[in-house]
Amino acid sequence: MEVNIQTLHFDADKRLLSFIHDRVDRLNHYHQGIIQGDVILKLDKNNDAENKVAEIKLHVSGSDLFAKRQCKSFEEAVDNSVDALRKQLEKNKTRR
């Protein structure tokens, strides 16, 4: 699976990028038909501590799945988004 990562208004370090690749690649265990994953990381303009946003869109054969989470860190936001996508993949798999 190809994973595209886009960061808006900041530069991500290599550790964060490898973390994202690792987490998104694990979704292949739940569904073999994942073609591509698009990850967008951005900082929300709120002054809250939870201003890190992760949006993940998976292109699966037959449909697209999407999850967006806002948390205190990008790692937590990515983890929560991947968990939501895992549940969507399992639901999608049982429907077929």
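The buried residues of H1 pack against E1, E2, E3 and H2. Here buried means under 20% relative accessible area and exposed over 50%, with partly exposed in between (1.4 Å probe, protein chains only). Helices (H or I, at least four residues) and strands (E, at least two) are DSSP runs, numbered from the N terminus.

A word on where this comes from: it's a predicted model, where local features need pLDDT of at least 70 and side-chain atom pairs count only at pLDDT 80 or more, while totals for chains, interfaces and linings use all residues. Residues are numbered from 1 along each chain as its sequence is written, and side-chain values use heavy atoms, leaving out hydrogens and water.

Which residues of H1 are buried? They are Leu 16, Phe 19, Ile 20, Arg 23 and Val 24. These cover an arc of only 120 degrees around the axis, so they sit on the same side of H1; the arc is that of the directions from the helix axis to the C-beta atoms.

Now for the strands. They pair if DSSP finds at least two bridges between them.

| Strand pair | Bridges | Direction |
|---|---|---|
| E1 (residues 2-8) and E2 (residues 34-43) | 7 bridges | parallel |
| E2 and E3 (residues 52-60) | 9 bridges | antiparallel |

Getting from E1 to E2, the chain goes through H1 (residues 14-25), and this β-α-β crossover is left-handed. For reference, right-handed would be a path running clockwise from the first strand over the helix to the second, with the strands pointing away from the viewer. Lys 42 in E2 stands opposite Leu 8, and also opposite Val 53 in E3.

Ser 81 is buried, at a relative accessible area of 0%. Setting aside neighbours within four places in sequence, Ser 81 is in contact (heavy atoms within 4.5 Å) with Ala 54, Ile 56, Ala 67, Lys 68 and Arg 69.

Finally, the aromatics: a search of the whole structure finds 1 aromatic pair. Phe 10 and Phe 74 are stacked, 5.0 Å centre to centre with 15 degrees between the planes. Rings of Phe, Tyr and Trp (its six-membered ring) pair if their centres lie within 6.5 Å; planes under 30 degrees apart count as stacked, over 60 as edge-to-face and the rest as tilted. Phe 10 lies in the loop between E1 and H1 and Phe 74 in H2, so the pair ties together parts 64 residues apart in sequence.
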